[in-house]
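Please prepare a short briefing on the structure shown below.

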Amino acid sequence: SYYIPPKFLDRLSVHITKNFLALPNVKVPLILGIHGRKGEGKTFMCELVFKRMGLGAVYMSAGELESPDAGDPARLIRLRYREAGEWSRTHGRMAVLMINDVDAGIGRVDASTQYTVNTQLVNATLMNIADNPTNVQLPGSYDAEPTQRIPIIVTGNDFATLYAPLIRDGRMEKFFWDPTRDDRLGIVAGIFEADGVPRSDVEALVDHFAEQATDFFGALRSRLYDEQVRTLIHQVGIDKISQEVVHSDGKPTEFQKPNFSLQHLIEIGTEMVQEQERIRELRLVSEYNE
Ligand code: ADP
């Protein structure tokens, strides 16, 4: 099963829970901002934690923040926030509002660019909710009942691109996610658990690809299965694979396990690294030609 590093679980569960408790004279920021390198599992592990805690999550994507055409994003945030509150009330459980890749939606490309009108509206809305979490109204209607307070979790790459007042301490608690070797060992061991890869091989693999983010190891596992599927297609023949894989009883065919030896893992991993490098070179070439 999947492994959640203790520190990640701790930060997330404490932030969410304290937002639902009435702590005496403690000002609790509504937003938790998890930032760090792409592909390190911020989004993935948030979902694992939500499931583990049995809480309700309402999602917003960067695309929805960005596009004024997709309906008014500022209104949508308020709507989703209230939705999460409704869920919490009807289920009698905690809920969160989750916004993935915020910096992609409302960040600046560089320090000299201006924030668009839409971005400013979204920032203002988030700040407003953080400052008045129990009074979140939809434009054009007024609800005298207080709104249920709902913690907001945002993930992103580089929070330096965000509007500074939004990430102020009173509004947002920051959590920089940079997994240690131990965290990575736990996560990668979880990824290959079902395949029976021994702990010593996991260690060697993680150390061999020390520069790679967590998603590399997930992709590596899926590559190994691709290879096996390809072999099966070649053995059976592309014209026969369709009837061969689905039996008359509708059950899928038994599948041979891929080769999970350390040597093979490193071999496929090295191919993946070479592909990454090819992309980087092509990008350099196109930058050079510009
Ligand atoms: P980020 O949000 O930091 O950019 P993601 O959450 O998208 O990264 O994670 C990328 C991929 O890494 C996931 O799709 C998953 O395959 C893998 N991954 C991350 N964390 C774990 C974990 N704890 N266990 C198993 N796989 C994980």
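**Briefing**

Asn25 sits in the loop between helix 1 (6–20) and strand 1 (31–35); helices (H or I, at least four residues) and strands (E, at least two) are DSSP runs, numbered from the N terminus. The structure is a predicted model, in which local features need pLDDT of at least 70 and side-chain atom pairs count only at pLDDT 80 or more, while totals for chains, interfaces and linings use all residues. Residues are numbered from 1 along each chain as its sequence is written, and side-chain values use heavy atoms, with hydrogens and water left out.

**Loop residues with positive phi**

- Asn25 is not a glycine, yet its phi is positive, near 50°.
- Asn25 is exposed, at a relative accessible area of 86%; buried means under 20% relative accessible area, exposed over 50%, and partly exposed in between (1.4 Å probe, protein chains only).
- Asp101, also a residue other than glycine, has a positive phi of about 55°.
- The loop between strand 3 (95–99) and helix 5 (102–106) holds Asp101, which is partly exposed with a relative accessible area of 31%.

**The ligand and its shell**

- The ligand is surrounded by 15 residues, where a residue is near a molecule if one of its heavy atoms lies within 4 Å of it.
- The closest residues are Tyr3, Gly39, Lys42, Thr43 and Phe44.
- The shell consists of 6 nonpolar, 4 polar and 5 charged residues; Ala, Val, Leu, Ile, Met, Phe, Trp, Tyr, Cys and Pro count as nonpolar, Asp, Glu, Lys and Arg as charged, and the others, Gly among them, as polar.
- Helix 2 (42–53), helix 7 (181–191) and helix 9 (214–236) each contribute at least two shell residues, and helix 2 has the largest share, with 4 residues.
- The ligand lies between domain 1 (6–176) and domain 2 (181–289), because both give residues to its shell; the domain bounds come from an automatic or database domain assignment.

**Atoms close to the ligand's oxygen atoms**

- A backbone N or O atom of Gly39 is 2.7 Å from an oxygen atom of the ligand, and for a backbone N or O atom of Gly41 the distance to a ligand oxygen atom is 3.0 Å.
- In the side chain of Lys42, an N or O atom lies 2.8 Å from an oxygen atom of the ligand.

**Phe50 in helix 2**

- Phe50 belongs to helix 2 and is buried, at 3% relative accessibility.
- Among the residues that Phe50 touches are Leu12, Ile16, Val96 and Ile153, not counting residues up to four places away in sequence; contact means heavy atoms within 4.5 Å.
- Phe50 and Ile16 are 34 residues apart along the chain, and their C-alpha atoms are separated by 9.8 Å.

Methods: Polar contact = N/O pair within 3.5 Å; in protein donor to acceptor, adjacent residues only side chain to side chain.
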